[in-house]
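Here's a quick tour of how a few pieces of this fold pack together. Have the model open as you read.

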Amino acid sequence: MTLKKIKKMSTKSQISTELSDSISNVLGKNVKILYKSLVRMESRGDKVDNKVLVVTSYRIFITTAKVPTRVDNGFHLMEIEAIESKKANHLSITLIHEHKPVSILIGEEKQSEGVMNIMHALVAAFDDLYPNVPIEDIICKVNLPFQLQQVSGTRKHSTCGDFSNQYAAMCDLCQTPFRAEVAWDIDTIYLAHDIRMLHLKDFDHLDQRDLIPLLIALQHNTWFTGVCGDGVRVGGEAWEALSRVVRCASPAPQRLSWRAAALRHDHASRLGHALVRARRRPAMHTIDFSQNHIEDKGAISILSGLALNPDGLRQISLSQCGLTGKTVSHLAGMLNDNPCHLSTLSHLDLSHNNLKDDVHNLYNFLAQPNVLTHLNLTNTETTLENMWGALLRGCAARLSELLVGRNPWSAVRRPKDPPPSFRQFFTACLALNTLDFSYCKMMPDALKSLLLGLACNESATGVKLNLSGALSSSQAAHVLESCIHGVRCLQSLDLSDNSMELELSGIVRAIGKNHSIHQLSLSRLTGKRSYAPPLIQALVHVLQEPDTALISLDLSDCKLKGDLYGLLNALGGARRLRTLDVGGNLAGDAGARLLAKALQCNCTLHTLYIDRNAFSLQGLTDIATALRRSVSVRRVEFPGCDAAAGGRGASERVAALWRELHERLANNAAPLTTHTLRALALERAWGGGEAAAALAAQAAAALPPPPLPAALERAAAAAHHLLHQYLQRCSEVFAAMGGSGASGELVTLQAVRDAMAPCSATLQDLLNEAVESLALSACEGVDSADSDPVPTSEADIPDLLTPISHSAATPLGCRRRERGARRVRPKSVAEQQCSSNEMLSLPPLHGEAGDALADLPANKLRHLVKGRPRRLKTRAPSRPITDQSQDIDEGLDEFWRTCRTPPGSEEASLSARTPLTSRSLHSLSSLASPSPLRRSPTLPRDDTMYSVTSGESTPVLLECEVSRCKSSDNVGAKAATTPPPSRSSDDVNAMGNGCARTPGKARPWSVAGVNPDNAACTTEGVEACVGGSIVGITPGAALTSSMLRDHPITPEEGAEA
């Protein structure tokens, strides 16, 4: 039945034309009137007034029956709570917020035609508003003496369950403005992506009052099945609207997600109360209130309402909600009471709650055969040693994700051996693919049982194991190193946030032997940087193995600085690496230059993460420029932090860099034959085949253009011509049979081209494979011809190709490289040319460059106790302390008894002030200066210029050594920790000065001067020459053999002595 038929069946000539026009003017021309009828409305007592009942699209109006008319009463369709008919011509309408119902009489007594017409009009209005929803599901109570017929509406419904019209009706109900952007987003974006949950985050820019009609519109919508309010903080009115939707919705919502929205226990209590008072049994099977502090009170209220769901729950996420074991006990009781949960619940997340050991009731549920696939108990203070028996009995068949990180293994200080069920569970798992034991500090025995259990599992494949921060000791590291190579079900291994001091290099080499591990994460490593070079060497060894399986490597946030250069230099030989993350390592511009070189050599890398490496704009430009020659890189994460730090005031350069980076990546995305040949040239060059590499490189530049585009264009034109002729003949046949011929072109040339586009891509792939096969065969032929020895006569042809020993500055390119050897790029000058004012110190590589990297030892012996800090001394020393209060000048006259100077001379006056001058030093000074006035080079003695030393020999600082120290090469050099043996210690008495060393006698420090004509010897100059320290000399040992040869001592000088 239609509304037009109802209007014809109604009483004629009851409403005049003038009255109809007056009603239309009062309500407005934009209001669509569905039905009008004269009624009698009961007033005080038995008095009855004549009124006009007007049904519009969203509201019902009661107006006067006089001209000009006025509106006496009006209410929205969604405000109707109950409709009853006590008599045949009586109709009672009860509103939600009104206690007294609206009572009207239509037509004559005992005639129900008028009531039926009004009810059918209401049914049509509700059908326009909520299509395919019966009126009994919208109005709480419908009590009529006759059966309602289904009446179709008057309008065509829009997309998404006619949500736009419903939203407009709710805006009319709430008296809020209609936002056209909301309706457009729903009808366009949500429809195109088939989104069935209303995401309030898409509309959180609106006012809080604008969210109320948006929520109420979901009350009877058949398109949306739930609401997602993640990160949206709603007010009290909006939350009350959501509670109304949960209580009155038909069909009932099935999913509700409200993460990190600052909800409290009162919000959860109101929602739980709405679930309990719902008109129908709740159908909600998925809830997510994570990161809301709803506490036990709110969680128990929500779970009590969900317990009424007869179909069971599917997903429960209550992470970081401030729960305790009380909520877990209530949840376990609810799950055990309803057997449906064993066949429906697949996701359970209780992480980051302080549950402790009050989870035994939950273990009872887990011990029963269930369909749980995701279990998250991270950071719940639950001991791990007690759960494996329940998991083995009930979850081994379906469980795929098990997250138990940040939990203690045992409650006791010295835990026992792991239970047998621990290893048996990992052996019996059939669908396990994600396993998280991060920050658990597992015992070596538990780690061993875990790895052996996974090694014995023949069903699980592609397992992702997370052991971040789980290696508690070197014993656990050794267990991992010895067992990891046999675990063939692993696909990804995460060892982040562990210490490099745990010999991770051995673990990495063991991982390289496991050909099933494709992804390795070593981010946020801690420990001293001295442990980084062995780790980098091990990574280079694994990446350059010909049979390696590692395709993804994560070294982010390790702050390796210059230690990363060894890995960057070896990227060209990484033949299977697809994804590399080296962000957060502070490599500097030198690292950017090395990475740019590596990108030009690597032919397999697809994805690269390089942010937070202290790259300047110049370094980022080097990387973007290097992508011109890259043949494989498809994605590079834009270094936002480095670009923001280095691009202050240079926004145009950053924008240009961004565009250039995307242009380079777009070029690599197109599969070209030249890319294949250049990748082949790089592989041959790294493998040692120079001739084959040159052949492939020249072929990439000299190949003719592919003939496919022109051939496909000709084929498309020919196909279009054939189709056009065929369609013309078909049109003639239809016209001959009495039909009408088609006008215009039915199949265009562009349509034919689009249809042949997949064929073009397939042919291009076949062409690339054929060219690659041809190039491979050509390269193999060149390599075999290059490696075969040419038979020659050694007697006739001289050996001109004999290797000649080159100096260290001679490049190694002239040497024949071994085929297939593991190689890295030699060290770059950029590693040593970093400016001193940079924020990073970039030391040179620890490993040797070139082919010698493979010969370096994998492990070095280290002292395990030497590096430990020593405890402070709290007791007095047992040995007596040497008394240094005595005068250090005591015995000097006897010691220097042979060094006499004539009284009255300048030397005598200097000797009086400086009694440390020897005859040998005086002779050295006379040799160095022809001036008659020779000054003693000895500095005045004070408290800072000498120290008490033992009787052993000390180094000598000669005049030539002092002059050599003036050069800029040795300025600021660190003094050697162990001084070289003194030249004077060989034969002191052979110098002829008669000096004898007194054993056990303390000796002051002295400094030998330089030629006063060249430069005056000062304390600052000498300290700069020797690296900031005063060097002592042995008396009587100032001359060397070269000095004696050049300046012999005359007999007069000897007699003078």
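## Helices 15 and 16

Let's start with helix 15 and helix 16 (residues 444-455): their axes come within 7 Å and cross at roughly 25 degrees. Axes here are lines fitted to C-alpha atoms, for helices over the stretch in contact, and angles run from 0 to 180 degrees between N-to-C directions. That makes helix 15 roughly parallel to helix 16 (angles under 35 degrees count as roughly parallel). Helices are DSSP runs of H or I with at least four residues, strands are E runs of at least two, and both are numbered from the N terminus.

On the helix 15 side, Phe 422, Arg 423, Phe 426 and Thr 427 make the contact, and helix 16 brings Ala 446, Ser 449, Leu 450, Leu 452, Gly 453 and Leu 454 (contact means heavy atoms within 4.5 Å).

Before going on, a word on ground rules: this is a predicted model, where local features need pLDDT of at least 70, side-chain atom pairs count only at pLDDT 80 or more, and totals for chains, interfaces and linings use all residues. Residues are numbered from 1 along each chain as its sequence is written, and side-chain values use heavy atoms, with hydrogens and water left out.

## An aromatic link

Phe 422 turns up again in an edge-to-face aromatic pair with Trp 388, at 4.9 Å centre to centre and 65 degrees between the planes. Rings of Phe, Tyr and Trp (its six-membered ring) pair if their centres lie within 6.5 Å, and planes over 60 degrees apart count as edge-to-face. Trp 388 sits in helix 14 (residues 388-394) and Phe 422 in helix 15 (residues 420-428), so the pair ties together parts that are 34 residues apart in sequence.

## Helices 8 and 9

Now for helix 8 (residues 236-248) and helix 9 (residues 265-276), whose axes come within 8 Å and cross at roughly 25 degrees. That makes helix 8 roughly parallel to helix 9. Among the residues in the contact are Trp 239 and Val 246 of helix 8, plus Leu 271 and Leu 275 of helix 9.

Over to the strands: 8 of them form an open sheet with mixed pairing, in the order 4-3-2-1-7-6-5-8. Two strands pair if DSSP finds at least two bridges between them. At the edges are strand 4 (71-76) and strand 8 (141-143), each pairing on one side only. The twist averages 30 degrees from one strand to the next.

Strand 5 (residues 80-84) and strand 6 (residues 90-95) run antiparallel, joined by 4 bridges. Ile 83 has Ile 93 of strand 6 as its bridge partner.

Key: Parallel < 35°, antiparallel > 145°, perpendicular 65-115°, else oblique. Phe/Tyr/Trp six-rings, centres within 6.5 Å; stacked < 30°, edge-to-face > 60°.
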